[in-house]
Amino acid sequence: MYKVTRNKRKGIKRIVILLLLAVTALALGGVYYFLQTRTIRTVYVEGNMHYTKEEIQDMVMEGPFGSNSLYLSLIYKDKQITDIPFIASMNVQVLSPDTVKIVVYEKSLAGYVEYLDRYMYFDKEGIVVESSSIKTAGIPQITGLSFDHVVLNEPLPVENTDIFYKILTVTKTLLKYTLSADRIYFGSQNSMTLYFGEIRVVFGTEELLDEKIMLLKSLLPELEGKKGTLNLQNYDGSIGSIPFKPDS
């Protein structure tokens, strides 16, 4: 009677061990399936300017399971990423088990000013939205403004706030013609000078701004590699030579 009971216990023990092995095998198989069949191999990134595709990818696909589409679909379901400098939000879309798309919505930046060795980026209303040690390609430096302090999330304390509308108008018109100024200087009587590398372009006022920038689009390739000043302030829309004064 004692031997039969002991054998039964051994049999039950073997069954339990076999069940544990089976469960472990199933679990390992599930993990393998989870890791292998949902591994992300293709990543599309849209809307990024300040950060590279690789930087955006690293921000989103972080952690040990960051390259697994099922994990991303769960962690970012109905959730936007909103705590990254220069980024208003990011959406993560799983297109297929091995493909995701990251849509980046960057903060609307009109320009930046330098203050205390920092680049202070502001939006179309002049509100300072970011402070950074990094320059962002495509965002012009704005000079000629007078202010004695800068506070994050508050407007730049300039005397004439209409200047922000002018900045937005210029940058939007440049974008229309796929141009990007390195720097925009605002002088007296609303005069503007735009800098494109070693070329200074004197615009004068906003009069005929669209026509001037359209003309500039055709002139800049001819001035590539040169240094000097292109004068458009007296341009009246008529066809004629545009004064260019090389640097001596």
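Which residues make a nonpolar surface patch of about 280 Å²? Ile12, Val16 and Leu20 make the patch. The model is predicted: local features need pLDDT of at least 70, side-chain atom pairs count only at pLDDT 80 or more, and totals for chains, interfaces and linings use all residues. Residues are numbered from 1 along each chain as its sequence is written, and side-chain values use heavy atoms, with hydrogens and water left out.

**Surface patch**

- Patches are made of residues with over 30% relative accessible area and no salt bridge, with like charges joined within 9 Å and nonpolar side chains (Val, Leu, Ile, Met, Phe, Trp, Tyr) within 5 Å.
- Accessible areas come from the Shrake-Rupley method with a 1.4 Å probe, and for residues only the protein chains shown count as cover.
- Leu20 belongs to helix H1 (residues 2-36); helices (H or I, at least four residues) and strands (E, at least two) are DSSP runs numbered from the N terminus.
- With a relative accessible area of 53%, Leu20 is exposed; the classes are buried under 20%, exposed over 50% and partly exposed in between (1.4 Å probe, protein chains only).

**Salt bridges**

- The whole structure contains 3 salt bridges, each defined as a side-chain nitrogen of Lys or Arg within 4 Å of a carboxyl oxygen of Asp or Glu.
- Lys107 and Glu130 form a salt bridge with an N to O distance of 2.7 Å. Lys107 sits in the loop between strand S3 (99-106) and strand S4 (111-115) and Glu130 in strand S6 (residues 128-132), so this pair ties together parts 23 residues apart in sequence. Lys107 is partly exposed at 29% relative accessibility, whereas Glu130 is buried at 9%.
- Asp210 and Lys176 form another salt bridge, with closest N and O atoms 2.9 Å apart. Asp210 is in helix H5 (residues 209-219) and Lys176 in helix H4 (residues 163-176), 34 residues apart. Asp210 is partly exposed at 27%, and Lys176 is exposed at 54%.
- In the salt bridge between Asp247 and Arg200, the closest N and O atoms are 2.7 Å apart. Asp247 lies in the segment after strand S12 (244-246) and Arg200 in strand S10 (residues 199-204), so the pair ties together parts that are 47 residues apart in sequence. Asp247 is partly exposed at 35%, and Arg200 is partly exposed at 25%.

**Nonpolar cores**

- A nonpolar core is a set of buried Ala, Val, Leu, Ile, Met, Phe, Trp, Tyr and Cys residues joined through side-chain atoms within 4.5 Å.
- The largest core has 36 residues, and Leu194, Phe196 and Phe203 have the most contacts inside it. Strand S5 (118-122), H4, strand S8 (183-186), strand S9 (192-196), S10 and H5 each supply at least two of its residues.
- A second, separate core has 24 residues, among them Val43, Ile56, Ile81 and Val104.

- Contact means heavy atoms within 4.5 Å. Not counting residues up to four places away in sequence, the contacts of Phe203 include Leu209, Lys212, Ile213 and Leu216.
- Leu209, Lys212, Ile213, Leu215, Leu216 and Leu219 are buried in H5. Seen down the axis of H5, these residues fall within an arc of 160°, so they line one face of the helix; the arc is that of the directions from the helix axis to the C-beta atoms.
- The cover over the buried residues of H5 includes H4, S9, S10 and strand S11 (228-231).
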